[in-house]
Every structure is written in structure tokens, then in C-alpha cells.
Amino acid sequence: MSRGKQSRGKCGFCGREMTKGGLSRHLSSCSQRQEAIRTANQEPGREQVIYHLLVRDAWLSDFWLHLEMNGSATLADLDHYLRAIWLECCGHLSQFSIGGWGGREIPKRSRAEQVFRLGVELTHIYDFGTSSETLIKVVGVREGKPLTSHPIALMARNDQPEARCMECEQPASWLCLECMYELNETGMLCDEHVQDHPHEAYGAPMPLVNSPRVGMCSYCGPAEPPY
Ligand SMILES: [Zn+2]
Ligand SMILES: [Zn+2]
Ligand SMILES: [Zn+2]
Ligand SMILES: [Zn+2]
């Protein structure tokens with residue numbers, strides 16, 4: 001699925017398209033985000049430390065998220081978020097750890113403010129069989145009030161990676177797992193060639209969704225944020 005150039009995504013505040021690294025810099029200065037923060041800070045409620053997290057798949061660099069997480073939110077909140085937007089297939093176990101491979105497990109009841117500092121990176125593993133591995137790095141910290149009533153807010157995510165039909169090279173929106181696993185094909189199909197596609201051993205072709213877990217275990221989306 002790699003196309004040799006970096007995937008891009010839109011700033012959720014001003015709509016500008018950038019790479020994940022560009023957005024790390026941009027989000028710290030985006031005038032529309034600054035405006036949203038000023039507005040939030042005038043609302044009632046208590047101030048807290050709020051973390052800008054760059055979340056990325058450990059192996060597929062096309063997939064990333066820029067999140068804002070309240071200091072009072074727990075890693076269980078983050079686990080729930082990652083399952084909804086990227087990972088959940090059949091309720092597998094998951095774990096957060098710090099210190100890379102062989103690092104120390106961090107309990108999910110921990111609050112963000114107990115774990116995060118600028119530059120800290122956690123690893124999240126979902127499913128210890130067909131594992132999805134996600135890296136979560138703190139790239140910014142602010143003090144103030146959250147932008148939403150939820151523990152986590154989505155600021156940007158990668159655009160859906162472009163895929164081409166293996167039959168005709170037109171844009172693909174379906175994936176046949178049998179082609180992928182048994183025939184070593186990409187399995188990508190357009191709306192036309194998905195009609196009458198002969199394979200069923202892995203179920204009918206699934207919609208291609210914006211998640212690094214596509215094609216793993218019985219994942220089938222929808223790859224939408226939980227709120
Ligand atoms: Zn912006
Ligand atoms: Zn599963
Ligand atoms: Zn086609
Ligand atoms: Zn097939």
C-alpha cells in the first residue's frame with residue numbers, strides 16, 4: 001500500500017493539507033486552533049494540562065492521528081479511542097508500555113498527567129496474536145481548558161491511502177482477503193470489479209477503510225472516531 005510519498009491529512013481547524021510532520025508544527029501555531037483554544041478557555045470549568053499526541057502505526061507510516069488528550073483522562077480512554085478509530089475486531093487484549101521493546105507496562109487506569117511529558121513515547125499493542133502496534137508521542141503540551149466535553153479530541157488524521165484496482169488500475173474501494181492471503185495479489189478492487197468477484201473463502205470483499213488494521217484478523221472497520 002506504500003506509494004513512496006508521505007501521506008497527507010487536513011488540519012481539523014483550518015482545513016490545510018499537510019504531512020504528519022508538517023501538522024505537528026502547524027498545529028502549534030494554526031491561528032484557527034489558537035482561536036478555538038481562546039474560546040474554550042473563556043468557558044467555565046477547571047484548567048488542566050492537555051497533551052498534543054502524535055499517534056502512528058509502528059509499521060505503516062501512512063497511518064497517523066493528531067489527538068489532544070486531557071490530563072485527567074485515563075489510558076483506558078485512549079485505548080477506547082484507538083479501538084474505535086483503528087483497531088477493534090474481536091475484543092482482543094491490549095496494553096500500553098513505555099521504553100520500547102521489553103519496556104514497562106503502564107496500567108490503563110493511569111491518568112495522562114501521570115504518564116505524559118513532552119517527548120514521552122508509549123507503545124500500544126492490540127491483540128497479542130495478529131498484533132497491531134501503535135506509537136504515541138507527546139509533541140506538545142498546553143495548560144487550559146479542553147476544546148470538547150470528551151476526554152480526547154481529533155485534530156487531524158491521514159487521508160485514506162490511495163488504492164488501485166488490481167484488474168483495471170481505477171481507484172479501489174474494496175479488498176478481497178482471499179486474493180491477498182492465498183494468491184499474493186493486492187486484493188484491491190474497484191466498484192465495478194467487486195461485482196461478481198468469485199472469492200468467498202474469507203467472506204465477501206470488505207470495504208477499504210482508513211485503518212492500519214485492514215486485512216488483519218477479522219477487522220472490517222468502520223474506522224470512525226468514537227465521538
Ligand atoms: Zn490549521
Ligand atoms: Zn480479531
Ligand atoms: Zn477495476
Ligand atoms: Zn479475490
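Biologist: What should I know before I start?

Modeller: The model is predicted: local features need pLDDT of at least 70, side-chain atom pairs count only at pLDDT 80 or more, and totals for chains, interfaces and linings use all residues. Residues are numbered from 1 along each chain as its sequence is written, while chains are lettered from A and ligands numbered from 1 in the order in which they are written.

Biologist: How many helices and strands does the protein have?

Modeller: Helices (H or I, at least four residues) and strands (E, at least two) are DSSP runs, numbered from the N terminus. Here there are five helices and twelve strands.

Biologist: How compact is the protein?

Modeller: Compare the radius of gyration, taken over C-alpha atoms, with the globule rule, 2.2 Å times the number of residues to the power 0.38. The protein has 19 Å, close to the 17 Å given by the rule for 227 residues, so it is as compact as a globular protein of that length. Its C-alpha trace spans about 60 × 40 × 30 Å along the principal axes.

Biologist: Which domains is the protein divided into?

Modeller: Domain bounds come from an automatic or database domain assignment. Domain 1 covers 8-157 and domain 2 covers 174-207. Their centres, over C-alpha atoms, are 33 Å apart.

Biologist: Which strands pair with β4?

Modeller: Two strands pair if DSSP finds at least two bridges between them. Strand β3 (residues 48-57) is joined to β4 by seven antiparallel bridges. Leu54 has His66 in β4 as its bridge partner. A hairpin of six residues links β3 to β4. Strand β9 (residues 152-157) also pairs with β4, antiparallel, over five bridges. There, Leu65 stands opposite Arg157.

Biologist: Is β4 buried or exposed?

Modeller: A residue is buried if 20 or more other C-beta atoms lie within 10 Å of its own, exposed if 12 or fewer, and partly exposed in between; C-beta atoms are placed from the backbone. In β4 (residues 64-70), seven of seven residues are buried. Across the protein, 31% of the 227 residues are buried.

Biologist: Where do the side chains of β4 point?

Modeller: In a regular strand, side chains alternate between the two faces of the sheet. Trp64, His66, Glu68 and Asn70 point one way from β4, and Leu65, Leu67 and Met69 the other.

Biologist: What is the order of the open sheet of three strands?

Modeller: The order is β11-β10-β12, with antiparallel pairing. β11 (188-189) and β12 (206-207) are at the edges with a single partner strand each, so one side of each has no neighbour in the sheet. Two bridges join β10 (residues 174-175) to β11. Trp174 stands opposite Leu189 in β11.
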